[in-house]
Each structure stands twice: as structure tokens, then as C-alpha cells.
Amino acid sequence: MINTKYPEGFLWGAATSAYQVEGAALTNGKKASQQDIINQENYETRGFATADIASDHYHHFREDIALMKEMGFTTYRFSIAWSRVFPEGVGPVNEEGIQFYRDLIDELLKNGIEPIVTLYHYDLPWALVRKYNGWLNREVVADFEYYASYIIEEFKNKVKYWTTINEQSIIVQFWTQKCFIPKTLQSNNQLRYQINHHMNLAHAIACKLVHEKVPNGLVGAAIGYAPVYPLTSKPEDVMAAQNAHDLHNGYYLDIYFKGIYTKSAMIYLESKGLAPKIEPGDMELMKEGYSDFLALNYYASECAKACPEEEELRFAGVNWTGVKGAMDGHERQPGFFQMCTNPNLDTTDWDWAIDPTGLEYIFRDIYMRYNKPLIITENGLGAFDQLTEDGRIHDDYRINYLREHIKAMKKAMDFGVEVIAYCPWSAMDLLSTSNGVKKRYGFIYVDRTDDDAKECKRLKKDSFYWYQKVIESNGMDLD
Ligand code: BGP
């Protein structure tokens, strides 16, 4: 049973997202998204690159696809920038904007690369933030439907795999980085869960649209997912890990697959005044908008311990510098759980626990619970890569990370887990969500710095050649 081959048609590729890679932020009719504004602020306060140029994929996409083809990609996961297509969020379509995605998708198909399209990856049109505070307002759901309906109709005969909203659970944790939240509202933590509820509605609508419009289409959310281990085997820590699992993971998966909110998590949120306001018909809609698969973004596992009732509520910290240990604090949900560092695991420079077995664990756990196929839409190692004098990038640490995660995925598959595709983060270097461009993930090096976009020249890292071999051997040669 063990060591079977990958199934016929298994897809190998990598991922990106629009605002992190495209650039051309205000080109050919595109208007700002909230990420253009958030990243402008990060530039001013922390010196990180803006999203203005990013990796300039907008102007390099044919060259980038040629490199993907050279690596042997059979799939590519990317997102569509809503404000490129509808600069005002709704209203008239921007012809030049939609043409970019027509060209991109046609170029992929011409090269035998199956597109996996994400409808929303953090970049709400700024016009909708100005108009009604974006995701904070339920009005956004109707506007999302307008946008999603157009995109799905446009590409229904070319795109089979659709992911709806990227990483809702991460949006709840890091809401000011993923959404523009006015300062005056930032102390109201209930709004995090309200935003999530609006996204659940938008997700369900997108699922229904794919089911209605796309022949043989498959749809699911892309969730940022981490298994939660108890810090010790003390029963109170094990219970805390269960609580954290319910609130971080079950709370999303149960919506996607069962159309219900996980009861334990909901009761906890209600007891703290954090629960979302739900309107009549909402839960019926969530049941109708069922998912066909789950797309997982897996980077790290988490660890939890018991949290006394009298602790103060707080959400996850961020490591802004890439100096190990500089993460500014852990989430605390009083009386439920608090997150902590796992002393058994090494971390990246940004304090993310490196844990390939965690991938095998969640694959087994999710598949056995929900019995739906899985896709890896992100998995990867952020690092300070060095361009050496020989014009090479020797990123053996990334190769090691990916090799161990591919092995873990395969082990889960050998125990029956159905996996459609593996798309590590990221195809090429791009703008990190919270650490500028110096934190790199790509197989393709993009020659730029936070201060200077230069010409964004593309170079092949050592991992490029390694992944080429992996794909060529259909996952069998990992050396
Ligand atoms: C995920 C996001 C991506 C990506 C990745 C790495 O949460 O979906 O957009 O950026 O994480 O995170 P970061 O860029 O913060 O290193």
C-alpha cells in the first residue's frame, strides 16, 4: 500500500496573488485596492515595498509563464484583482483590466497549465472601503456577487478550479493588514467575526455561481490552516488545544462543508460578545453554497495551552523584522486557550514553526472528517535569499523545506487522502503580506529590493531546477 505513485493527472504548480505580484497598481484603468493603501502605509512606517510595482508580473507575465512551463508546471494558482476589472467595485467593467486576465488565462492554457483562480485575495477595491467601510458592511456581499458573477461567467469555459476567498481565518487574526479598518473601529473585536460572516455569505454565493455556471466546475475556499497541538499532555492544555482547533479551524470548515457554525466556538464567542450578527436566511444560504474541495495554505503548526479567565483578550502577534524571536505576542482567548511557542520545533526567521508532519496530520484529519478532496494552494518557506556573485541563488533551505512537505503529503495520500494539486508559495518572489520583498518564497528570483524596484529581472534559483526534477519525475525524485 505504501509508496504508491501519484494519481494520473495530479497537478504540480505554484501560487501567487494579484496585489503581491502584479504591480501596475494604477495602470490601464485599474484603481486602488485596499492593499495599495495598506502597503503604502507599511512603506512609510516600516520601509517595505509598496504594491505599485511588486514583481511587475503585469508586464512580465508571458516570460513568467514560460518559466513556469520550463519548470514543468501543470497548474498555476493566482488571484484576480477586483479593482482591475471593476475599478469602482461595481458598475462598468474596465475592458483593459479584464483583457489582462483573458490574456493570462489563454497563455496558461496554451502552455498546458491548468488555471486555479482565486476570486478574492485581500484586495477589496478601495472605492468600496470609501463608500461603506468595505467588508465591515453587509452591502459588500451584493457587490461581491456582482463581481464574482461576471468573472465566473467570463471564464466558465476555461477555468475548472475556483477558490473563493483566501484565508478567512487569517483575516480574523490580522484584520488591519488584510482589510482596511478605520482606527476608531479597531478596538471592536466583534467586527472581526462580523467581517468573517460577510465573507461566509460571499463564499457561499460564489460556490453557488460556480455550480450554476461552470460545466464540471469545482469550487472551495482557500483556508490558512494549522493543526493545534497541546503544549503538554496536561488535560487542561489538551482541552485548550481542542478549543483553539474549534475556533481557528472547525469554525471555518464546518461552514464550508456543513453550512453550520461550530457550536462550541459560537457559544464561546457569544459569551464574550464577539459573535457575528446572523440574519434570517444566512444559514440556509451557507448550506446551499457547499464546497467541492478544500484548498489549504499550510506553512506551520500551532501550539496552545490553558488560558485563565481573567487574562485579557488579544490576537496573534507579528514578527516584523525577520529576527528570530521578535514576534510581538500570542493570541489569548480568556478561559478558552492561549497560543504559545512549541518548544519541539525549529522556526523560520519570522518565527513560523517548521513542521512537515503537521501537513500529514491535517490532511488525514480533514479528509477523514469531511471526505472531500484537498488542494495545497500554499506551502513554502520565507527566507532572506542571497543573490551570489555567480548570479545564482543557493536556496537549499527552501528545497529541504519543500522536500519534507511533499513527503508528508505523499504519506497522507498513501493512507487514502485524495489530493488534487500541490501549489507551493510562491511561483516567483513577491511582496509579502507583512514583511516587504526581502522575505522571499519563489522558485524564480525577482531582482529588486524594498527600496529599489530596478528592472525586476527574473533569475532561476537552485529550487527552480530541483522542482523541475520533482515535476518531471511526478514527485518520485526528491533529491
Ligand atoms: C498567506 C497568504 C499569502 C502569503 C503567505 C505568506 O497567509 O495567503 O498571501 O503572503 O501567507 O505570508 P507572508 O507574505 O506574510 O510571509
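**Figure 1. Contact between helices α11 and α12.** Asp 246, Leu 247 and Tyr 251 of α11 meet Ser 264, Ala 265, Met 266, Tyr 268 and Leu 269 of α12, where contact means heavy atoms within 4.5 Å. These contact residues divide into six nonpolar, one polar and one charged (Ala, Val, Leu, Ile, Met, Phe, Trp, Tyr, Cys and Pro count as nonpolar, Asp, Glu, Lys and Arg as charged, and the others, Gly among them, as polar). The model is predicted: local features need pLDDT of at least 70 and side-chain atom pairs count only at pLDDT 80 or more, while totals for chains, interfaces and linings use all residues. Residues are numbered from 1 along each chain as its sequence is written, and side-chain values use heavy atoms, with hydrogens and water left out.

**Figure 2. Crossing of α11 and α12.** Helix α11 spans residues 235-258 and helix α12 residues 263-271; their axes come within 8 Å and cross at roughly 120°. Helices (H or I, at least four residues) and strands (E, at least two) are DSSP runs numbered from the N terminus. Axes are lines fitted to C-alpha atoms, for helices over the stretch in contact, and angles run from 0 to 180 degrees between N-to-C directions. The two helices α11 and α12 are therefore oblique to each other (angles under 35 degrees count as roughly parallel, over 145 as roughly antiparallel, 65 to 115 as roughly perpendicular and the rest as oblique). The crossing of α11 and α12 is left-handed, a term for a near helix turned anticlockwise from the far one by less than a right angle, with right-handed used if clockwise.

**Figure 3. Packing of α11 against α14.** The axes of α11 and helix α14 (residues 356-370) are 12 Å apart, and the helices pack at an angle of about 40°. This makes α11 oblique to α14. Their crossing is right-handed. From α11, the contact takes in His 245, Leu 253, Asp 254, Phe 257 and Lys 258; from α14, Asp 365, Ile 366, Arg 369 and Tyr 370. Four nonpolar, one polar and four charged residues make up the contact of α11 with α14.

**Figure 4. Packing of α15 against α16.** Helix α15 (residues 396-414) and helix α16 (residues 462-472) have axes that come within 10 Å and cross at roughly 25°. That makes α15 roughly parallel to α16. The crossing of α15 and α16 is right-handed. Arg 398, Ile 399, Leu 402, Arg 403 and Ile 406 of α15 make the contact with Asp 462, Ser 463, Trp 466 and Val 470 of α16. The residues of this contact comprise five nonpolar, one polar and three charged.

Figure 5. An N or O atom in the side chain of Asn 166 is 2.8 Å from an oxygen atom of the ligand.

**Figure 6. Backbone of two loops.** Trp 425 and Ser 426 are joined by a cis peptide bond, with omega about 10°. Ser 426 is placed in the loop between β12 (419-422) and β13 (444-447). Asn 133, in the loop between α6 (126-132) and α7 (139-155), has a phi near 70°, a positive value in a residue other than glycine. Most residues other than glycine have a negative phi, and most peptide bonds are trans.

Note on methods. Polar contact = N/O pair within 3.5 Å; in protein donor to acceptor, adjacent residues only side chain to side chain.
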